[in-house]
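The following note sets out points for discussion on the structure shown below. Please read each point alongside the sequence and the coordinates.

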Amino acid sequence: MNKFKLLLILTILNSTLANDITNITAKSFILVDYNSQKILAKKNINLKLAPASLTKIMTHYILLDKLKSKKISLNNLVKINNNSSSKNPLFKESSLMFLNKNNKVSLEQLKQGMIISSGNDASVAIAEHISGSEKKFIKLMNKYAVNMKLKNTNFKTVHGLDHNKQYTTAKDIAKLSILLIKNFPKEYKIYSKKKFEFNKIKQKNRNLLLWNKHLNIDGIKTGHTNKAGYNLIASSKKNNLRLISVILGSKSIKDRNNDTKQLIEWGFNNFKTKKIFKKYKKILNYKIWYSKNKYINLGSNKNIYILYNKKNITKKKITFKIFKIIQSPIQKKQILGKIIINSKKKKNLLISLEEHQNNNIIKCFIEHIFLFIKKILYKIIFIK
């Protein structure tokens with residue numbers, strides 16, 4: 001039997017995703033809506049550039065993933081060696097946590113030192129603890145990049161210091177940032193911390209926009225090397241709208257901050273987001289066969305938002321598709337269909353909100369006869 005299809009026309013302000021940002025000085029930039037992942041403004045988003053310390057986001061992501069699998073613990077003590085010591089000549093005049101050789105430092109401290117202080121030494125210590133060596137960890141970073149579909153990213157270091165074959169793009173970094181926030185929302189809060197102290201050395205977060213109360217920025221990361229210039233990923237949230245901006249290749253700290261401020265303010269001035277379906281709440285009440293109940297409640301496996309422009313009014317077409325006739329038994333959260341908004345490729349899942357068990361044998365047999373007749377009539381009427 002063909003898929004069930006139901007249309008819902010929702011009148012809402014629609015987004016015209018026009019890029020009218022003209023004063024950005026960076027080589028590449030992107031502004032993305034977190035919920036819909038729509039690109040609101042862009043320039044050279046696939047241009048391969050040096051990531052600098054933005055690399056540490058991937059190092060941190062892998063650390064969080066390993067912690068989630070319980071293969072390591074933040075209580076683990078890591079012994080600092082020549083590679084991870086702040087005295088390593090490779091780190092000269094770069095950002096450091098100031099680790100001393102032979103010290104034993106917890107992963108919790110190293111994590112904060114890597115993110116808040118942007119410590120290159122901390123990045124190496126974390127990588128070696130997880131994989132045994134930087135080389136093995138870098139392979140892991142690139143494996144994660146492939147799995148995340150970061151098509152124009154290649155890592156050659158765990159910290160971001162310049163390497164001829166290390167590169168990324170504004171589009172890829174935005175995608176990585178969205179995955180970080182989505183998959184590790186609690187751990188993401190570390191990016192909003194403004195200060196960190198280790199060995200009686202106090203350091204401020206280099207993301208100066210964290211102090212700008214008007215922008216509501218709660219992350220993410222700065223970066224700078226001679227090759228990269230000045231980079232900055234920022235994330236800001238107001239109401240349901242979270243924006244992700246990426247600036248690559250600015251000429252100064254002032255430029256990257258001004259560019260980011262302009263992008264974020266433009267985004268909030270022009271766009272809003274509306275939650276149309278709430279996670280695990282009823283959307284449809286649909287017929288189910290062979291169950292003790294006649295109908296099954298269907299909903300979404302996540303919150304679904306629509307991004308819209310404040311000035312333009314149009315209609316959104318929402319399509320519900322049920323994959324096949326729904327028959328008991330059904331498990332809770334079982335995937336039964338999909339929700340498509342404006343025929344976009346991105347589809348949201350339609351799931352069962354409750355469990356359904358089979359009815360008694362006699363009633364199931366009667367329903368089976370009715371269902372058989374229904375299928376025959378369907379073929380006669382709709383199939384030539």
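1. In this predicted model, Asp218 and Arg242 are both buried. The two residues form a salt bridge, with 3.0 Å between the closest N and O atoms. Asp218 belongs to strand β8 and Arg242 to strand β10 (residues 241-250), so the pair ties together parts that are 24 residues apart in sequence.

2. In total, the structure holds 2 salt bridges. Lys111 takes part in a salt bridge with Glu108, and here the closest N and O atoms are 3.5 Å apart. Both residues lie in helix α2 (residues 107-115), where a spacing of 3 residues places Lys111 and Glu108 about one turn of the helix apart. Lys111 is buried because its relative accessible area is 10%, under the 20% limit. Glu108, at 25%, is partly exposed.

3. Pro329 is placed in the loop between β15 and β16 (335-341).

4. Which residues other than glycine have a positive phi? Asn44 is one of them, with phi near 50 degrees. Asn44 sits in the loop between β3 (39-43) and α1 (56-68), and its relative accessible area of 42% makes Asn44 partly exposed. Glu93, likewise not a glycine, has a positive phi of about 60 degrees. The loop between β4 (77-79) and β5 (104-106) contains Glu93, which is exposed, with a relative accessible area of 80%.

5. Tyr188 counts as buried at 5% relative accessibility, and Tyr191 counts as buried at 0%. One aromatic cluster is formed by Tyr61, Tyr144 and Phe184.

6. Ile318 is part of strand β15 (residues 313-322). Is this residue buried or exposed? At 1% relative accessibility, Ile318 counts as buried. Its C-alpha lies 6.9 Å from that of Ile339, although 21 residues separate Ile318 and Ile339 in sequence.

7. Two kinds of surface patch should be noted. Lys194, Lys195, Lys202, Lys204 and Lys213 form a positive surface patch. Within this group, Lys213 is located in the loop between β7 (201-204) and β8 (217-225). Lys213 counts as exposed because its relative accessibility is 77%, over the 50% limit.

8. A nonpolar surface patch of about 740 Å² is made by Ile362, Phe365, Ile366, Ile369, Phe370, Phe372 and Ile373. Ile373 has its place in helix α7 (residues 361-382). With a relative accessible area of 42%, Ile373 is partly exposed.

Note on methods:
Residues numbered from 1 in each chain as written. Predicted model: local features only at pLDDT ≥ 70, side-chain atom pairs only at ≥ 80, totals over all residues. Heavy atoms only, no water. Patch = residues over 30% accessible without salt bridge, like charges linked within 9 Å, V, L, I, M, F, W, Y side chains within 5 Å. Areas by Shrake-Rupley, 256 points an atom, 1.4 Å probe, with all protein chains shown as cover. Salt bridge = Lys/Arg side-chain N within 4 Å of Asp/Glu carboxyl O. Lys, Arg positive; Asp, Glu negative; His and termini not counted. Charge placed at Lys NZ, Arg CZ, Asp CG, Glu CD. Helix = DSSP H or I, 4+ residues; strand = E, 2+ residues; numbered from the N terminus. Buried < 20%, exposed > 50% of the residue type's maximum accessible area, 1.4 Å probe, protein only. Phe/Tyr/Trp six-rings, centres within 6.5 Å; stacked < 30°, edge-to-face > 60°.
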